[in-house]
Amino acid sequence: MANTPQARKRIRRNENRALINGNRLSRIRTFVKKVESALAGGDKDAAAAALKEAQPELARGVARGVLHKNTASRKLSRLTKRVAAL
């Protein structure tokens, strides 16, 4: 158990940050799922619109440190490729 005030504060802070980061990651996943569901439905216009909304969310995740930049880039690239293939 943490004995110093700094360690106690760090535990509290880490719990709060974990909640916030979890919510951010969930939000990003939701936007990606919207693109994937539009792709599954075969609707190119809806998929392109959803991709346009998902792109800044992925970039924001990178900026906030929730996602690694290569992970976001890979996801965006694969989704873009699938939308273009429709």
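In this predicted model, helix α2 meets helix α3 through two sets of residues: K44, A47, A48, L51, Q55, L58 and V62 on the α2 side, and K69, A72, K75, L76, L79, T80, V83 and A84 on the α3 side. Sorted by class, the contact of α2 with α3 comprises 10 nonpolar, 2 polar and 3 charged residues.

The two partners are helix α2, covering residues 44-63, and helix α3, covering residues 69-85. Their axes lie 10 Å apart and form an angle of about 175°. Because angles over 145 degrees count as roughly antiparallel, α2 is described as roughly antiparallel to α3.

**The chain as a whole**

The secondary structure of the protein chain consists of 3 helices and 0 strands, and from the N terminus the elements follow the order α-α-α. The radius of gyration is 17 Å, well over the 12 Å that the globule rule gives for 86 residues, so the protein chain is more spread out than a compact globule. Along the principal axes, the C-alpha atoms fill a box of roughly 60 × 20 × 15 Å.

Of the 86 residues in the protein chain, 21% are buried. The accessible surface of the protein chain amounts to about 6300 Å², and carbon and sulfur atoms account for 51% of that surface. Among contacts with a separation of 6 or more, 60% link residues 24 or more positions apart.

**Two individual residues**

How exposed is R82, in terms of relative accessibility? R82 has a relative accessibility of 43% and therefore counts as partly exposed. This residue is placed in helix α3. Leaving aside neighbours within four places in sequence, R82 is in contact with E36 and L39.

| Residue pair | Separation along the chain | C-alpha distance |
|---|---|---|
| R82 and A48 | 34 residues | 10.0 Å |
| N23 and K52 | 29 residues | 21 Å |

Note on methods. Residues are numbered from 1 along each chain as its sequence is written. This is a predicted model: local features need pLDDT of at least 70, side-chain atom pairs count only at pLDDT 80 or more; totals for chains, interfaces and linings use all residues. Side-chain values use heavy atoms; hydrogens and water are left out. Axes are lines fitted to C-alpha atoms, for helices over the stretch in contact, and angles run from 0 to 180 degrees between N-to-C directions. Helices (H or I, at least four residues) and strands (E, at least two) are DSSP runs, numbered from the N terminus. Angles under 35 degrees count as roughly parallel, over 145 as roughly antiparallel, 65 to 115 as roughly perpendicular and the rest as oblique. Contact means heavy atoms within 4.5 Å. Ala, Val, Leu, Ile, Met, Phe, Trp, Tyr, Cys and Pro count as nonpolar, Asp, Glu, Lys and Arg as charged, and the others, Gly among them, as polar. Buried means under 20% relative accessible area, exposed over 50%, partly exposed in between (1.4 Å probe, protein chains only). The radius of gyration is taken over C-alpha atoms; the globule rule is 2.2 Å times the number of residues to the power 0.38. Accessible areas come from the Shrake-Rupley method with a 1.4 Å probe; for residues, only the protein chains shown count as cover.
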